[in-house]
Amino acid sequence: MKRPLALAMCGAVAAGVAAVGATAAPASAAESGWVYSDKWGVIGRNTLGSPVADLRFGPWGRTSATSAATQAPPYGRGSLGLEVAAGPDPTVVTNAEKVAYGNETDFAGLRLRDIRTVRYSIFAGMDSIDGVALPGIAFEVDPNLNDTVNYSTLGYLPHLSTAPSSPSPRLPNRWQEYDAAADGSQWFATGQTGADSGCILADPCTFAELKLALPNAVVTYSVQFQKGRDNAFVGAVDGLRLNNTVYDFEYNGVRKRKT
């Protein structure tokens with residue numbers, strides 16, 4: 001049974017979105033230089049419907065169709081679990097849910113041109129992911145192209161990206177890493193910035209092309225994972241690396257360390 005988003009958000013006061021009912025010993029922030037990053041949580045203004053974004057244990061992946069689920073999350077023992085419904089009519093995307101989970105504080109002022117590394121892992125807990133839009137990473141920025149437009153979301157499309165940005169083949173029920181800054185990556189910008197940059201949802205561009213088109217863009221509102229509005233998804237994300245910092249999503253909070 002899907003847990004209401006309100007419950008998933010209730011732990012945000014202490015440390016991101018805390019997993020409800022966690023009973024095992026927490027992952028230690030002191031392990032190998034980890035420190036907790038407490039500004040992560042559900043971004044309500046970008047969330048629609050009643051999706052789930054829950055810091056959780058596991059999931060553990062299968063390295064083959066017949067193997068036991070022994071593939072651990074990329075770091076530690078937990079991840080950010082996501083569950084998003086498609087709506088009563090899957091062909092009408094405006095009925096679908098959307099979830100955004102991110103950090104609205106720590107990345108303010110980060111210049112797009114200074115972002116060199118963007119990687120994270122996805123676990124798709126589904127029988128098939130053919131045609132499924134997977135959770136993407138996004139930056140809310142001031143594009144700084146002119147004096148009239150001061151907001152755009154820059155979104156990564158993992159399901160449309162190709163190697164080396166995306167694993168080949170993409171497989172369900174196992175952890176796979178996506179390199180959102182590599183060749184073959186597919187990005188778009190929302191609003192007028194999409195048209196001005198030439199990077200739109202219908203015709204996305206690589207991360208290198210996006211940075212070239214937006215040389216003065218600066219993160220303002222957030223760095224976030226987002227899923228929707230499109231098809232249904234059940235799974236998780238973990239192991240976000242931005243430049244030289246890795247963010248590990250654990251069931252008792254989000255921790256970070258330098259690589």
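1. Let us begin with Glu140: at 0% relative accessibility, Glu140 counts as buried (buried means under 20% relative accessible area, exposed over 50%, and partly exposed in between, with a 1.4 Å probe and protein chains only). Its side chain meets that of Arg45 in a salt bridge, 2.7 Å from N to O (a side-chain nitrogen of Lys or Arg within 4 Å of a carboxyl oxygen of Asp or Glu). Glu140 lies in strand S7 and Arg45 in the loop between S2 and S3, so the pair ties together parts that are 95 residues apart in sequence.

2. A word on the source: this is a predicted model, in which local features need pLDDT of at least 70 and side-chain atom pairs count only at pLDDT 80 or more, while totals for chains, interfaces and linings use all residues. Residues are numbered from 1 along each chain as its sequence is written, and side-chain values use heavy atoms, with hydrogens and water left out.

3. Glu104 is partly exposed at 40% relative accessibility, and Arg45 is partly exposed at 41%.

4. The structure holds seven salt bridges. One of them links Lys39 with Asp38, where the closest N and O atoms are 3.1 Å apart. Lys39 is partly exposed at 39% relative accessibility, and Asp38 is partly exposed at 42%.

5. Now for the sheet. Six strands form an open sheet in the order S2-S5-S11-S7-S8-S10, with antiparallel pairing (strands are DSSP E runs of at least two residues, numbered from the N terminus, and two strands pair if DSSP finds at least two bridges between them). The edge strands, each pairing on one side only, are S2 (40-42) and S10 (187-189). From one strand to the next, the twist averages 25° (axes are lines fitted to C-alpha atoms, and angles run from 0 to 180 degrees between N-to-C directions).

6. What lines the largest pocket? It has 23 lining residues, of which Phe188, Gln226, Gly228, Arg229 and Asp230 lie nearest its centre (on a 1 Å grid over the protein atoms alone, a pocket is an open set of points where a 1.4 Å probe fits, with protein on both sides within 12 Å along at least five of seven lines; lining residues have an atom within 4 Å of a point). The elements giving two or more residues to this lining are S7, strand S8 (152-156) and S11, and S11 gives the most, with three. About 410 Å³ of space lies in this pocket (the space filled by probe spheres set on the points, which are joined across faces, edges and corners).

7. The second largest pocket holds about 170 Å³ of space. Twelve residues line it, and Arg56, Gly81, Leu82, Glu83 and Gly235 lie nearest its centre.

Definitions and conventions
Helices (H or I, at least four residues) and strands (E, at least two) are DSSP runs, numbered from the N terminus.
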